Number of protein chains: 4
Amino acid sequence: MIGGARVDSKCEVKSSVKDRSLIEVRREQLICGAVKLFKEKGFHRTTTREIAQQAGFSIGTLYEYIRTKEDVLFLICDNIYNEVHRRLFTATTAQGTVEEIELAIYRYFTLIDDMSDEFVVMYQESKTLSKEALQYVLKKEMEMVALFEKLLQACVDSGTLRIGRKEVGLAAHHIIVQGQMWAFRRWALYGQYTIADYIQVQTDQFFRGVIGDRS
Amino acid sequence: MIGGARVDSKCEVKSSVKDRSLIEVRREQLICGAVKLFKEKGFHRTTTREIAQQAGFSIGTLYEYIRTKEDVLFLICDNIYNEVHRRLFTATTAQGTVEEIELAIYRYFTLIDDMSDEFVVMYQESKTLSKEALQYVLKKEMEMVALFEKLLQACVDSGTLRIGRKEVGLAAHHIIVQGQMWAFRRWALYGQYTIADYIQVQTDQFFRGVIGDRS
Amino acid sequence: MIGGARVDSKCEVKSSVKDRSLIEVRREQLICGAVKLFKEKGFHRTTTREIAQQAGFSIGTLYEYIRTKEDVLFLICDNIYNEVHRRLFTATTAQGTVEEIELAIYRYFTLIDDMSDEFVVMYQESKTLSKEALQYVLKKEMEMVALFEKLLQACVDSGTLRIGRKEVGLAAHHIIVQGQMWAFRRWALYGQYTIADYIQVQTDQFFRGVIGDRS
Amino acid sequence: MIGGARVDSKCEVKSSVKDRSLIEVRREQLICGAVKLFKEKGFHRTTTREIAQQAGFSIGTLYEYIRTKEDVLFLICDNIYNEVHRRLFTATTAQGTVEEIELAIYRYFTLIDDMSDEFVVMYQESKTLSKEALQYVLKKEMEMVALFEKLLQACVDSGTLRIGRKEVGLAAHHIIVQGQMWAFRRWALYGQYTIADYIQVQTDQFFRGVIGDRS
DNA sequence: CATGAATGAGCGTTCATTCAT
DNA sequence: GATGAATGAACGCTCATTCAT
């Protein structure tokens, strides 16, 4: 398993409710409803009343589980990185084979496909977060880049890839951005490609380029 | 020269000032100031009074040159595509050579480097636009994708590239997204790479992939 | 009882407060305060903040009970016609006697005397209403005219009055306008006449004219 | 000729233009355009730009002929009373005959028919006038009432009418209000009655009432 | 005399947040 | 724990008026 520390407790969202399992349930409703609204109208055009209503409780109750509207956005981001951790970091190894990278790409792209609304919302609205929360999100983002850097570097070290140190960093970013592209360009890609197509073509072009030998 | 119709006059922003050249001047001030503010605080956190002040005139004067706050955002987007048209579309040919594509990539990436704040603002806030204005922006975006598709297809037709029809579309999006990446990931890339580095590495990886033969 | 359908529910002003009885209470405060202000300064010179303050709550609370400033004006008009309905339409019969008409005039003029500020505001500002709301008010106005037309026609039918069909309509309008006159010309009439004087003289002149036989 | 002093010079609207005949011309355009706009949208919903445009000159020029927007309203009122003076006061005598009154009613009602938009605007918007200007308008209004009072009183003195002193005042107001009714109730009366019908019926009912002997 | 660009006080309305019940 | 009525700071936008040209 590779890197990725657990959620910093200092970044956790305060709640005045004591029952932990109730918090869990309510926040799941909250995130689910908020993502839908933010995707549709954006963070600023969505009111807290709408968030509460969509989640199925009153405005008063909403504020029992968050302190500010921004907390809702943070919960969404945090939730994403929890999933990233669970499905990507855990059980990813770096022995220096192309197959490892392909698997990681597969997992990452599949995750984005499953949570594409969440990802779109996060990338589109994260600049709204407070400095502190934004830092947390950027750190998580860098950890994802670092994961792919590690996988690529292992391949370089094992001689499987022959790219320079500089290119490793860029290639890692490249993969991350290609993942985002699937979420952000749905309007242009959907209908023409399945996620499976997309993974295959992008992986192929990543390794071999558009004029790479296909023999 | 390739495609890309001129700005639709029906999409132009109304002004109550009659002097055309004065409008030109004022709007340049306006765009310049607004980009700075939107980049820093986002569209919704920026007030119209701040926009006016940054542009160097009063709130009343601001509204002599736009009708709504959204118009400011549209002016920014429109301005970008005017530049795109001037620097990218004009004088780009599609004879089917790799050099043509490299030149177009160079021009596109350089343009983004010059106007990276504008591009970031546009991509981050364009969902705020009205349906009509958004459509206009998406159309312009698709024209850019189509430009690279045309260049790539010409290479496929001439036998220079051997990728399938499906991959052509994806590869075109790919180039566009790589350009955006330079604007959006400055925080991670700047300091490590110059725009020249970036263009070279990305072009290289685009054509030959990370394991492509570099002999 | 004569004509006059109940308030169209579709014309009701929306409120975001759920407690019906609270709405009732707050709107009464609202109408009372707003009439005072509108009478004094007119609709356009009165600000929503002043309305809220006069009613005894904050600007935020005001907008929990109305959607637009125009709603305040509509509430005033609606309130008037509710009273008109309660005090004039209910229990008015049309058997064809002069006494019936005199009673109706008495009730109508007394009502105007009780709510003269409301009536003045309504007639002075109703052109400010939206097309839809104005239509509603005009319909109510026509129902009042129709009430007196019915009473007069009954007298014509019974032979008590000998005026032509055309004159019936005009006479009905005449009564309505004489009522308004009491509200609008207070500055000239008050002090010289009581409402009782006014009713008596106007009724008399209406039936017998200024040269009518008084023997 | 009966009462009605000429325009108080202290109430005249100041203009920075010196050429008197030019002022005359411009103000006529002004009044004509403004009445149209005020009738349609009301004083407050009409902007000074619209007034200038409708009158056929620029906003800057408008302010060469008035000092404030309110002046426009005052000019309209003043213009009305100039006409009233010209067509009603001049050459009206008070010998104590019914024919004199009928002639005055005829002149007054005809005047209102000719200038009904002006009258509607004046009565609907005059409360917007400054205290001083309002006083002037009310004084003019009272002079009109006084005119009819004088005519009526002459008839009482000559024994033609047998109404009390109190009723004289009311009857005078009555005539004035009936005139206004023709302007204000056009929406209900027009199409059913011509101004000739209206004058005849109202004069008749005024003198003889609805049950008066018509033998 | 005529123009119209510039000004900024002031308006109607929204909405995150609180707190008494 | 849950509710929703109350709050008021803050926003986008308008428009009467001025004044340099």
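Start with chains A and C: they do not touch, and their nearest C-alpha atoms are 11 Å apart (contact means C-beta atoms, placed from the backbone, within 7 Å). Chains A and D have no contact either, with their closest C-alpha atoms 30 Å apart. You're looking at a predicted model, where local features need pLDDT of at least 70, side-chain atom pairs count only at pLDDT 80 or more, and totals for chains, interfaces and linings use all residues. Residues are numbered from 1 along each chain as its sequence is written, while chains are lettered from A and ligands numbered from 1 in the order in which they are written.

Next, select chains C and D. Their contact takes 28 residues from each of the two chains. On the chain D side, H8 and H10 (195-208) each supply at least two residues (helices are DSSP runs of H or I, at least four residues, numbered from the N terminus). H8(D) gives the most, seven residues. That side divides into twelve nonpolar, ten polar and six charged residues (Ala, Val, Leu, Ile, Met, Phe, Trp, Tyr, Cys and Pro are nonpolar; Asp, Glu, Lys and Arg charged; the others, Gly among them, polar).

Stay on chain D and show H6 (116-125) with H8 (165-184): their axes come within 9 Å and cross at roughly 105° (axes are lines fitted to C-alpha atoms over the stretch in contact, with angles from 0 to 180 degrees between N-to-C directions). So H6(D) is roughly perpendicular to H8(D) (65 to 115 degrees). Pick out D:Phe119 and D:Tyr123 of H6(D), and D:Phe184 of H8(D), among the residues making the contact.

Terms used. Angles under 35 degrees count as roughly parallel, over 145 as roughly antiparallel, 65 to 115 as roughly perpendicular and the rest as oblique.
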